[in-house]
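Hello,

Here is the structure I said I would pass on. Please open it first and keep it beside you while you read my notes.

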Amino acid sequence: MSSNDEVLLRVEHLCQYFKIGPNAYTKAVDDVSFDIKRGEVFGLVGESGCGKTTTGRSIIKLYDITSGSVYFKGIRIAAGKKSYKEAIAKAKADLKEGKIDKAECDRIIAENRAAIKTADHDQKNCDREYSRQQIEKAKSEYLPKIAAAQGENKAKLEAEYKDVMRKARKTKLVTQIQMIFQDPIASLDPRMTVREIIAEGLIIQGERNKKVIDDKVYEMLELVGLVREHASRYPHEFSGGQRQRIGVARSIIMNPELIIADEPVSALDVSVQAQVINLLNDLRDKFGLTIMFIAHDLSVVKYFSDRIGVMYYGKMVELADSDELFLNPMHPYTKSLLSAIPLPDPKYEKARRRITYNPLAAHDYSVDKPSFRELKPGHFVMCNDAEYERYMKELK
Ligand SMILES: Nc1ncnc2c1ncn2[C@@H]1O[C@H](COP(=O)(O)OP(=O)(O)O)[C@@H](O)[C@H]1O
Ligand SMILES: [Mg+2]
């Protein structure tokens, strides 16, 4: 369970559109907002193609996001600009149609141009900003200690300080977020040894001492249930479950604070799935990791997640504590996902009916438009006014 309410990651109105034609877009992620608190496991669930991976990849800055913001440790790491550009275009159109006067139009344009500038600046400088914070931290930690120390001890502290400062200058905020991928075969370079794969991030981060690197690699291998003899082998010599362990070792060595595990067990045999989930759980306890766990069905995330967000076609349709979501699912799509989970209970299984979700039949959004609303503290559902009233009654 999360030990406090510190927000580690905040995703605000995230949109990631892919251009598929001159004027056509796939809205892979469309206006999605959620927080992840330090220490929790946040499950992100939804059928294939609903935008889960795109959400994860947007968070680790693999895309220039279309609009919205991502904050990590309070620093804005990604910022999209489409909403600002649209506001400018709308102001110009409104001026032409006489809906607003010139002064108002200029004010809107200036405001949104400033927002675009800030977005560019924040995206570009987030690592530098974080590095600056780390340098300040190292200074305030080491300088008084060095000043007070003498002789051999002083020299030792000075050497340590130099090393910490070198790393602080090179540190990247975004490497504190590591992603574990669905396919452990495709995500490991077949020409690299396990040692090279696991150590790669460390070397990029500025570590040069071969013994430190080797020791760290061995430590990681043991941590994920492999042995040091595995270090000199190649990925193809391992089973699927072992490869995923290598993937986990590669991300953990970076000392991440947030792990985005993108369907880490979907490609594995059922018997191996539980082992990898248990491994993630152990690591979470050991290092106080925060995990965003992506899955296409609810059964995998059920026991593992503190909170769960349900996505459908690029939108977040429901978000609640795990227990609450299973007890009081409100959105028809969540209900349909729940109805797909088999239980080892013959009576239940006999009575279990798959609920199918058909958005056109389930909602009338022609006039009364939906938005993401809080039904009770922490329980959010995508609904319109009429549905909101109905859901509130149902909840009572
Ligand atoms: N690089 C891309 N270019 C164009 N379309 C993409 C790209 N990546 C994903 N998509 C589309 O975005 C949607 C969401 O994909 P994805 O995030 O991979 O879903 P999920 O991980 O939930 O299965 C899909 O329709 C997919 O085809
Ligand atoms: Mg995916």
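Start with Phe372, whose bridge partner in β12 is Met382. Five bridges join strand β11 (residues 371-376) to strand β12 (residues 379-383), and the two run antiparallel. Helices (H or I, at least four residues) and strands (E, at least two) are DSSP runs, numbered from the N terminus, and two strands pair if DSSP finds at least two bridges between them. β11 and β12 form a hairpin with two residues between them, and Gly378 in the turn has a positive phi of about 85°.

A hairpin is also formed by β4 and β5, with two residues between them; here Lys73 in the turn has a positive phi of about 50°. Strand β4 (residues 67-72) pairs with strand β5 (residues 75-79) in the antiparallel sense over four bridges. Tyr71 stands opposite Arg76 in β5.

A word on the source: this is a predicted model, in which local features need pLDDT of at least 70, side-chain atom pairs count only at pLDDT 80 or more, and totals for chains, interfaces and linings use all residues. Residues are numbered from 1 along each chain as its sequence is written, while chains are lettered from A and ligands numbered from 1 in the order in which they are written.

The protein averages a pLDDT (the predictor's confidence in each residue, from 0 to 100) of 93, and 99% of the residues score at least 70.

Which residues surround ligand 1? They are Phe18, Thr26, Ala28, Gly46, Ser48, Gly49, Cys50, Gly51, Lys52, Thr53 and Thr54, where near means a C-beta atom, placed from the backbone, within 6 Å. Two or more residues each come from β2 (24-37) and α1 (52-59), and α1 gives the most, with three.

The largest nonpolar core has 78 residues, and those with the most contacts inside it include Val45 and Phe293. Such a core is a set of buried Ala, Val, Leu, Ile, Met, Phe, Trp, Tyr and Cys residues joined through C-beta atoms within 7 Å; buried means that 20 or more other C-beta atoms, placed from the backbone, lie within 10 Å of the residue's own. Strand β1 (residues 7-21) supplies the largest share of this core, six residues.

Helix α11 (residues 332-339) has Pro332, Tyr333, Thr334 and Leu337 as its buried residues.

Regards

Key
Buried ≥ 20, exposed ≤ 12 C-beta atoms within 10 Å, placed from the backbone.
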